[in-house]
Amino acid sequence: MSAKVFTKGEWNEVLWALKDAYEIIVPVKDGDFHSFRSLEEGVRPNFDFHNTRLSAKGVVYPQSERMFEYSLNEGDPEANILKESPKNFGPRAVMGIRPCDAHAFEIVRRNFDNPEYRDPWWVQRYESTTLVGLGCNEPCGTCFCTSVGGGPFSERGLDVLLYDQGDVFLAKGLTDKGEALLARAPGGREASEEEMKRAEQHAEDVTSSLESTVPSDRLKEKVINELFEAPFWEDLAFACLNCGVCTYLCPTCWCFDIQDEVYGKAGDRIRNWDSCMFPLFTLHGSGHNPREQKFQRVRQRFMHKLKYYVDKYDSGVQCSGCGRCVQFCPVNIDIRDVFVLMNNFEKGS
Ligand code: SF4
Ligand code: SF4
């Protein structure tokens, strides 16, 4: 695999040059935060951030997606036929995605692409997307990626890894997709062995300095029903506002709702992100709601991430340690505390 060094000026030119072959998605400064945008006239890429407020989840799994469309107009030869809406599966490259968010795609893939169920739209978008990661020189105090199988320079799920070395980016190709992107990138020069070693040493130093750790080693052995009935859920949920911020910002939350929207004699079937923190999410047509109470919804979120996922897939947790829910929960509900509570729970204690 290759490694190239680009000055930051050259890298900016690379982004524009690659637009011939990819839709280029870049981080931009958006008020006090960074977000991802498609590169076009007037968009100024900015790689000076800890992490984007929203992850790149929506690139593969849009927040709102027209699935099908239909006409109820009897004069239309295709009336009453549910037709798949046109979708864009063209090649895209996400530039500057953090390693935790690339790892998140691997975590989520188990849900959307497995032997029993395959979501064709998620899979096609994922497969046509090249992920160019940006290693974290300064992880936030809320990051705990190293506790959940990742790291500030983890290569999991990435096609290229960028090391920010001040005036230059060192770009390391990791997969065939990544190599293909680098082969199209103009300018730059081959990285020397010495430069590569220095970059890897720096990555190791940053990784070992990451202090936030959470335990997950005993989650698998816990009995589901005992955790479900654990006495801490009501206390934990007490302050929760059920605002849904934690789930909307989370790169590993995947719940959605499907709705039909009718406009006169035409309609769309739309898939929207939804949240297990909202009471309506589980409201049955009969009026019954199996998760009517707040603590039941909070419990569901954490049981799904730290127990059901663990048991179903036999490894990992449904969390990449990005820390967004920790940073942005308005009442400071902290998943790191929940890891401790669940991992260390003993019935009767
Ligand atoms: S962000 Fe905090 S308050 Fe809002 S739903 Fe999540 S846990 Fe509850
Ligand atoms: S649960 Fe929180 S820390 Fe884990 S991936 Fe989701 S937002 Fe990030």
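**Entry 1**

I began with a definition: a pocket is an open set of grid points with protein on both sides within 12 Å along at least five of seven lines, and its lining residues have an atom within 4 Å of a point. I also noted that this is a predicted model.

With that in hand, I looked up what lines the second largest pocket: E23, I25, S35, F36, L54, S55, A56, K57, G58, V59, R92 and W273. Its volume came out at about 190 Å³. Which elements supply at least two residues each? I found β2 (23-30), β3 and α2 (57-60). The largest share, three residues, comes from α2. By class, I noted six nonpolar, three polar and three charged residues in this lining.

**Entry 2: the largest pocket**

Next I turned to the largest pocket, with a volume of about 650 Å³. I found 37 residues in its lining, and D48, F49, H50, N51 and R98 lie nearest its centre. Which element gives the largest share of this lining? I saw that α1 does, with four residues. Among the other elements that supply at least two residues, I wrote down β3 (33-38), α3 (99-112) and α11 (324-328). I recorded the classes as 18 nonpolar, 10 polar and nine charged.

**Entry 3: helix α5**

Last, I looked at α5 (residues 176-184), where G178, E179, L181 and L182 are buried. Why do I say they line one face? Down the axis of α5, the buried residues fall within an arc of 160°, so they line one face of the helix. On the face turned away from the buried side, I found the exposed residues D176, A183 and R184. What covers the buried residues of α5 includes β1 (3-7), β6 (92-97), β7 (129-134), β8 (160-164) and β9 (168-173).

Technical notes
Residues numbered from 1 in each chain as written. Chains lettered and ligands numbered in written order. Predicted model: local features only at pLDDT ≥ 70, side-chain atom pairs only at ≥ 80, totals over all residues. Heavy atoms only, no water. Buried < 20%, exposed > 50% of the residue type's maximum accessible area, 1.4 Å probe, protein only. Arc of directions from axis to C-beta. Contact = heavy atoms within 4.5 Å. 1 Å grid on protein atoms, 1.4 Å probe; cavity = no way out; pocket = protein on both sides within 12 Å on 5 of 7 lines; lining within 4 Å. Points joined across faces, edges and corners; volume = space filled by probe spheres on them. Nonpolar A, V, L, I, M, F, W, Y, C, P; charged D, E, K, R; others polar.
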